[in-house]
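The chain is shown first.

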Amino acid sequence: MTIETIVLRELRMRLKAPFETSFGVTQARRILLVEVVIDGVSGWGEVTTIESPSYNSETTDTAWHIISDFIAPRLVGKSLDKAGDVAALLSAIRGHQMAKAGVENAVWDAEAQLRNIPLSKLIGGTLQEIPCGVSLGIRESPESLTRKVEEELKNGYQRIKLKIKPGRDFNFVAAVRKEFPDILLSVDANSAYDLKDASHLKELDQFNLLMMEQPLQWDDIHSHAKLQSQIRTAICLDECINNAAHAEAAIEMGACRIINVKLGRVGGHTSARQVHDICQQHSLPVWCGGMLESGIGRAHNIAMSTLPNFTLPGDVSASQRYWGEDIIEPEVEVSPRGTIQIPTYPGLGFTVKRELVDQLTVRTRDWKSEMVAQA
Ligand code: OSB
Ligand code: MG
């Protein structure tokens with residue numbers, strides 16, 4: 001497999017509705033797409049950074065810089081045996097997992113197409129369909145949140161996750177739980193609390209939540225271990241886990257009982273598989289997190305979610321919840337039972353709508369290997 005060309009594109013895509021987390025409101029996304037051409041075949045990846053360094057330390061612009069100045073020049077023209085070799089070629093670049101993942105995952109898509117198998121098979125996936133949940137942004141009132149939960153339950157989603165922050169937590173969760181006593185319900189704080197809030201967070205124990213996601217600092221595993229020993233609700237780590245070593249440390253410290261795997265945050269399919277395996281060895285369930293992705297990132301999430309230890313419903317939901325028109329065909333659809341069928345076509349199993357991608361693109365940069373340039 002020779003990497004002939006790498007194309008980096010930035011797209012502007014407007015969300016159908018604003019999405020509020022403890023760190024801010026998102027309305028328009030700046031999406032980075034990576035296209036790699038390997039032995040004549042195009043593979044696609046998405047860089048899942050958000051616009052500001054408020055989820056982790058990466059942004060759309062840091063990823064553009066790292067891919068442009070370090071990743072693409074290192075990879076273009078290289079010959080590889082398999083996509084699994086990309087991570088080692090990039091290991092001298094510290095951090096920047098989302099930038100690396102966007103490129104590595106494009107190579108995975110290309111390899112699966114070249115081998116004529118679905119990407120889910122190439123990475124070792126076994127599930128034929130995956131269970132889906134939704135992540136609901138912070139809303140103005142407990143009543144409007146409860147109505148939104150009702151709507152998504154009617155759509156079939158198997159698990160509801162509520163974004164919370166100080167002042168928008170107890171009453172909101174209480175209202176939803178009162179109306180829906182038996183649903184799988186969880187909360188995600190995106191690092192909005194402090195260990196000093198332990199007794200406040202303990203109040204949420206009464207709502208029988210499936211989990212409480214990343215209540216404390218984005219990079220502080222140790223404090224989560226202290227909190228987990230004081231509350232009954234299972235802690236799920238998101239922001240804290242960037243690789244398999246972090247997962248192992250968190251598990252051994254007792255910092256969480258569940259881990260959310262995000263392909264971008266852990267650096268791509270190779271690392272995601274390692275995080276998955278460590279959790280499986282310790283009997284910890286995992287699920288697939290989301291970053292308001294376009295269809296391309298969503299398709300990669302679907303493939304990853306077929307690994308056998310993805311036993312809890314993920315945040316991978318239908319394209320039409322986010323976009324007027326998604327950039328893949330068919331769009332991602334969720335069945336009335338709250339599941340996504342795994343595509344059986346080679347690679348990602350969805351077609352990229354190139355014309356729409358071109359219309360939405362605001363900047364492009366490409367790298368061609370010398371052999372292609374001379375031809
Ligand atoms: O913590 O899961 C998160 C969106 C942006 C940043 C962080 C998170 C999220 C989501 C969105 O919860 C989930 C989705 O893509 O639907
Ligand atoms: Mg989260």
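Is C236 buried or exposed? C236 counts as buried because its relative accessibility is 0%, where buried means under 20% relative accessible area, exposed over 50% and partly exposed in between, with a 1.4 Å probe and protein chains only.

This is a predicted model, in which local features need pLDDT of at least 70, side-chain atom pairs count only at pLDDT 80 or more, and totals for chains, interfaces and linings use all residues. Residues are numbered from 1 along each chain as its sequence is written, chains are lettered from A and ligands numbered from 1 in the order in which they are written, and side-chain values use heavy atoms, with hydrogens and water left out.

**Cysteines**

- The structure holds zero disulfides, a disulfide being a pair of cysteine sulfur atoms within 2.5 Å.
- C132 is in no disulfide, and the nearest cysteine sulfur, that of C288, lies 9.7 Å away.
- C132 counts as buried because its relative accessibility is 0%.
- For C236, also in no disulfide, the nearest cysteine sulfur belongs to C256, at 7.2 Å.

**V41**

- V41 belongs to strand 3 (residues 41-47); strands (E, at least two residues) and helices (H or I, at least four) are DSSP runs numbered from the N terminus.
- Beyond its neighbours within four places in sequence, V41 contacts V36, A110, Q113 and L114, contact meaning heavy atoms within 4.5 Å.
- Between the C-alpha atoms of V41 and Y157, which are 116 residues apart along the chain, the separation is 35 Å.

**Cavities**

- There are five cavities of 30 Å³ or more; a cavity is a set of points, on a 1 Å grid over the protein atoms alone, where a 1.4 Å probe fits but cannot get out, and its lining residues have an atom within 4 Å of a point.
- Grid points are joined across faces, edges and corners, and a volume is the space filled by probe spheres set on the points.
- The largest cavity holds about 220 Å³, and F19, K163, G290, M291 and L292 lie nearest its centre among 18 lining residues.
- Strand 1 (3-21) and strand 6 (159-163) each supply at least two residues of the lining of the largest cavity.
- That lining has seven nonpolar, five polar and six charged residues; Ala, Val, Leu, Ile, Met, Phe, Trp, Tyr, Cys and Pro count as nonpolar, Asp, Glu, Lys and Arg as charged, and the others, Gly among them, as polar.
- The second largest cavity has a volume of about 60 Å³.
- Its 13 lining residues include S120, A303, P343, G347 and L348, the closest to its centre.
- Helix 12 gives the most to the lining of the second largest cavity, with three residues.

Technical notes
On a 1 Å grid over the protein atoms alone, a cavity is a set of points where a 1.4 Å probe fits but cannot get out, and a pocket is an open set with protein on both sides within 12 Å along at least five of seven lines; lining residues have an atom within 4 Å of a point.
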